[in-house]
Amino acid sequence: MIEQGKTRKWLAGQLGKNEATISRWCSNTSQPSLEMLMKIAAILNVDARRLINNGIEE
């Protein structure tokens, strides 16, 4: 999100989720479901593996 200049509030709006939920995902205190992870990857136009691997590309 940071690389694209997107905010947690923006992503929350895209997903219909509470901003606090997005914050917990970003801080890794909780994780989205696999289905939600795929939606996030699609919205951000990134490979879901980048989200799973903490941004590290292999």
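Author: Let's begin with a term: buried means under 20% relative accessible area, exposed over 50%, and partly exposed in between, using a 1.4 Å probe and protein chains only. Helices (H or I, at least four residues) and strands (E, at least two) are DSSP runs, numbered from the N terminus.
Reader: And where do the coordinates come from?
Author: This is a predicted model, with residues numbered from 1 along each chain as its sequence is written. Local features need pLDDT of at least 70, side-chain atom pairs count only at pLDDT 80 or more, totals for chains, interfaces and linings use all residues, and side-chain values use heavy atoms, leaving out hydrogens and water.
Reader: OK, so which residues of helix H3 are buried?
Author: H3 runs over residues 34-44, and Met-36, Leu-37, Ile-40, Ala-41 and Leu-44 are buried in it. They lie on the same side of H3, because they cover an arc of only 140° around the axis. That arc is taken from the directions from the helix axis to the C-beta atoms.
Reader: What covers those buried residues of H3?
Author: The cover includes helix H1 (8-15), helix H2 (19-26) and helix H4 (48-52). Contact here means heavy atoms within 4.5 Å.
Reader: And which exposed residues are on the face of H3 turned away from the buried side?
Author: That face carries Glu-35 and Ala-42. Glu-35 has a relative accessibility of 56%.
Reader: How many salt bridges does the count come to?
Author: Three, by that rule. One of them joins the side chains of Glu-3 and Arg-50, at 3.3 Å from N to O. This pair links distant parts of the chain, 47 residues apart: Glu-3 is in the segment before H1, and Arg-50 is in helix H4.
Reader: Which side chains meet in the salt bridge at 2.6 Å?
Author: Those of Asp-47 and Arg-49. Asp-47 counts as partly exposed at 35%, and Arg-49 is exposed at 57%.
Reader: New topic. What sits over the ring of Trp-10?
Author: The charged end of Lys-6 does, 4.6 Å from the ring centre. For that, NZ of Lys or CZ of Arg has to be within 6 Å of the ring centre and within 35 degrees of the ring normal.
Reader: Now the backbone. Where is Asn-28?
Author: Asn-28 is in the loop between H2 and H3. Its phi is near 65°, a positive value in a residue other than glycine. Asn-28 is exposed, at 56% relative accessibility.
Reader: And what follows H3?
Author: Asn-45 does, and its phi is positive too, near 55°. Asn-45 is in the loop between H3 and H4, and is exposed, with a relative accessible area of 70%.

Technical notes. A salt bridge is a side-chain nitrogen of Lys or Arg within 4 Å of a carboxyl oxygen of Asp or Glu.
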